[in-house]
Amino acid sequence: EDSSGGEVLIDSERVDAVPPAKRGIAMVFQSYALYPHMTVYKNMAFGLKFAKTDKNETERRVRKAAEILQLIPYLDRKPRDLSGVQRQRVAIGRAIVREPAVFLFDEPLSNLDAALRINTRIEIAKLHRSLNATTIYVTHDQVEAMTLATKIVVLNAGRVEQVGAPLELYHHPQNQFVAGFIGSPKMNFVKGKVVAADARGVTVEYGEAKPATVPVGGGVAKVGDPVTLGVRPEHMGEGAGLGLPLTGTVEAVELLGEASYVYLRRDDGTALIARSPGDSQAQIGAKITISTDAGHLHLFDADGNAFARHSRADAA
């Protein structure tokens, strides 16, 4: 692909016109992309052989990568004799031996089952720390992004929605798309309208007995404006004890042991999720109240842009 504009630099060196093999980039594919007729050793060494690397240097690099990835016992096997995790390790090893400036990972865990994804994710995190090389990791799994990244770039239909550290995006999403993408289960959204705005925040009528005052900058809010309240399931509890209630009918309860997820439907059709203790007594079909406190509320305007939140000290 030709660049439509700008420049691509790696370690301050422009690489737009440099052949791919000389850019110092190594890629790990989603589908492993191993040569089925080659052994693990030959798969890992192939790129070095193609680059006419010295035989002894090739041996050193392959052995070093195999030790890091615990592949020494499998060097003489072919891909068909390996598990999915082992094949992914070989694909990663093929990238490591090139000693690149940048690693590109294209959804490397999507072909693994849930348990293996967790284990391999930990391995990749340890590998990143030991190699200390820049890694660009593409994923649709926000848990992978949160646990692996030092910086996340959230993309939506080719547009960069927000760039920042994982917890920055979690606590301070710039818009409703980012708020809904970061966090599992996703953030709850409730429609409302502005009834007041001052230095303390924006007061929103959202279908309950009393309006909620959200501690955000309200300088651009006007009475009557449509807005959306956001609150994460982990910041909601059963009962009205946290101050700001939401009422709905229980549709499902997931009992996970250490926690329960209670799924509700409000009378207006809005779906809600609350994270409760593991011994939740919520019954399907029952009408219950869940609640949160103002400090955990997010507020978005009609275009989905977030109002800037006050700090907890400011809100107090």
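Student: Which residues in H3 meet which residues in H4?

Tutor: This is a predicted model, in which local features need pLDDT of at least 70, side-chain atom pairs count only at pLDDT 80 or more, and totals for chains, interfaces and linings use all residues. Residues are numbered from 1 along each chain as its sequence is written, and side-chain values use heavy atoms, with hydrogens and water left out. On the H3 side are Val 85, Arg 89, Ile 92 and Ile 96, and they meet Leu 116, Thr 120, Glu 123, Ile 124, Leu 127 and Leu 131 of H4. Contact means heavy atoms within 4.5 Å. By class, this contact has seven nonpolar, one polar and two charged residues. Ala, Val, Leu, Ile, Met, Phe, Trp, Tyr, Cys and Pro count as nonpolar, Asp, Glu, Lys and Arg as charged, and the others, Gly among them, as polar.

Student: Why are H3 and H4 called roughly parallel to each other?

Tutor: Helix H4 (residues 114-131) packs with H3 at an angle of about 20 degrees, and their axes are 11 Å apart. Axes are lines fitted to C-alpha atoms, for helices over the stretch in contact, and angles run from 0 to 180 degrees between N-to-C directions. Angles under 35 degrees count as roughly parallel, over 145 as roughly antiparallel, 65 to 115 as roughly perpendicular and the rest as oblique. H3 and H4 are therefore roughly parallel.

Student: Which residues of H1 are buried, and against what do they pack?

Tutor: Val 40, Asn 43, Met 44, Ala 45 and Leu 48 are the buried residues of H1. Buried means under 20% relative accessible area, exposed over 50%, and partly exposed in between (1.4 Å probe, protein chains only). They pack against H2 and H3. H1 is followed by Lys 52, with a positive phi near 60 degrees.

Student: Why is Arg 80 called exposed?

Tutor: Arg 80 has a relative accessible area of 61%, which is over 50%, so Arg 80 is exposed. Arg 80 lies in the loop between helix H2 (55-68) and helix H3 (84-96). Not counting residues up to four places away in sequence, Arg 80 touches Pro 36 and Arg 87. His 37 is 43 residues from Arg 80 in sequence and 9.2 Å away in space, C-alpha to C-alpha.

Student: What makes S12 and S15 edge strands?

Tutor: The open sheet has five strands in the order S12-S16-S13-S14-S15, with antiparallel pairing. Strand S12 (237-238) and strand S15 (271-277) are its edge strands, as each pairs on one side only.

Student: How do you know that S14 and S15 pair?

Tutor: Two strands pair if DSSP finds at least two bridges between them. Strand S14 (residues 259-265) and S15 have seven bridges, in the antiparallel sense. Leu 264 stands opposite Leu 272 in S15.

Student: In which sense do S3 and S4 pair, parallel or antiparallel?

Tutor: S3 and strand S4 (residues 102-106) pair in the parallel sense over four bridges. Met 27 stands opposite Leu 104 in S4.

Terms used. Helix = DSSP H or I, 4+ residues; strand = E, 2+ residues; numbered from the N terminus.
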